[in-house]
Every structure is written in C-alpha cells, then in structure tokens.
Amino acid sequence: MSDAPIRVLFVCLGNICRSPTAEGVFRHVVTAAGLAARFDIDSAGTGSWHVGEPPDARAAAAAQRRGIRLSGRARQLRREDLRTFHYVLAMDAENLRTIERLRDAAASAQIRLFREFDPAAGDGLDVPDPYYGGPDGFETVLDIVERAALGLLEHIRREHAL
Ligand code: 4NP
C-alpha cells in the first residue's frame, strides 16, 4: 500500500527501559497483525543522560524471555518529534508534562498517556519506572505494556480504518 506510514513514538525518561520496551512490544503486535508496513515506530527520552546507549540489559533480557527483541539507541525527544509523529505516548505523568512544555503551535501529534489504552489500568496511569528497582519491575512493565500496546493498536485501527 502506498499510504504514508503511521508514525508512533513512545517516550519515557531515559529511553533505555520503558519506552524501548513499548517500542519493541508495539512493533511485535503490529507485525503479528500484518500491519508492519503501515507503521513507523520509534522511542525517545525526555532526559539526555543515556543518549547513544542500547536498551537496559535487564529490560532486554525480560523482553527476550517473551520473544520480543529490543533495539535502537537512546536519543532525546526533540520539539520536531511532535510535528513528525502522529501519536506520542508518554509512559508517566512527569514525561507527559515535559512533552507538553515542548509542544508549540506546529505540534500536530496526538499526545497521550500510554496507559490510557491499558484496559486493566485503574486510577494510576503511570508505567512505573523499573530502573532503580528489582527484576519484578521489568516484568510489571512488560505486563502493562503488552496490554496497552494491544489497546493502542485497536485505537489506531479505528482512527485509520485499518
Ligand atoms: P526509563 O528508565 O525512563 O524507563 O528508560 C530510566 C532510566 C534511567 C534513569 C531513569 C529512568 N536515570 O535516572 O538514569
């Protein structure tokens, strides 16, 4: 199909744990749905500490156990991303506030909390940061991200009649 790809960007703080996990899982579900050619999927961090680094080894190992490969190198979110991506998904409320501060009149992306698409989310819409915690944190992130990725794909399929 010749349609321009639907561009989806996942954003967390460091771009080494949560957002690369969301990127890998979302790519996996999009591929399973036969829609890989319709999407351009990426991730970024609001912070710059880890720029150039691969995904956190603990996050990559946890994803690998579920058959999902994490890829890419950390990069920092830039204002232009809010013009060139169609959907920008923040992992937590702090990330969302930082994204909102970068937003200008030219920003055209739908900017949302990723967990708005997690049907099992209660009042808490944050994907908890696993960086300073134990191994369970990475499993929790994957459980959340797997549900939210399916919900997000449903949302986009409705909006684009896919
Ligand atoms: P992420 O996790 O935002 O899910 O990539 C973090 C990674 C690094 C740091 C914080 C969170 N850090 O403070 O270095």
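A pocket here means an open set of grid points, worked out over the protein atoms alone, with protein on both sides within 12 Å along at least five of seven lines. In this predicted model, the ligand takes up the space of the largest pocket.

- The shell around the ligand includes the run Cys12, Leu13, Gly14, Asn15, Ile16, Cys17 and Arg18.
- His50, Asp129, Tyr131 and Tyr132 are also part of that shell.
- By type, the shell splits into six nonpolar, three polar and two charged residues.

- Arginine 18 reaches an oxygen atom of the ligand with a polar side-chain atom, at 2.8 Å.
- Leucine 13 uses its backbone instead: a polar atom there is 3.0 Å from a ligand oxygen.
- Asparagine 15 also has a polar backbone atom by a ligand oxygen, at 3.3 Å.
- On its own the ligand has 360 Å² of accessible area, and the protein covers 93% of that.

**Aromatic pairs**
- There are four aromatic pairs in the structure.
- One of them joins phenylalanine 26 and phenylalanine 39, with ring centres 5.7 Å apart and 80° between the planes.
- That pair counts as edge-to-face because the angle is over 60 degrees.
- Phenylalanine 26 sits in helix H1 (residues 18-32) and phenylalanine 39 in strand E2 (residues 39-45), so the pair links distant parts of the chain, 13 residues apart.

Key. Residues numbered from 1 in each chain as written. Predicted model: local features only at pLDDT ≥ 70, side-chain atom pairs only at ≥ 80, totals over all residues. Heavy atoms only, no water. Near = heavy atom within 4 Å. Polar contact = N/O pair within 3.5 Å; in protein donor to acceptor, adjacent residues only side chain to side chain. Areas by Shrake-Rupley, 256 points an atom, 1.4 Å probe, with all protein chains shown as cover. 1 Å grid on protein atoms, 1.4 Å probe; cavity = no way out; pocket = protein on both sides within 12 Å on 5 of 7 lines; lining within 4 Å. Sits in = over half its atoms within 2 Å of the grid points. Nonpolar A, V, L, I, M, F, W, Y, C, P; charged D, E, K, R; others polar. Phe/Tyr/Trp six-rings, centres within 6.5 Å; stacked < 30°, edge-to-face > 60°. Helix = DSSP H or I, 4+ residues; strand = E, 2+ residues; numbered from the N terminus.
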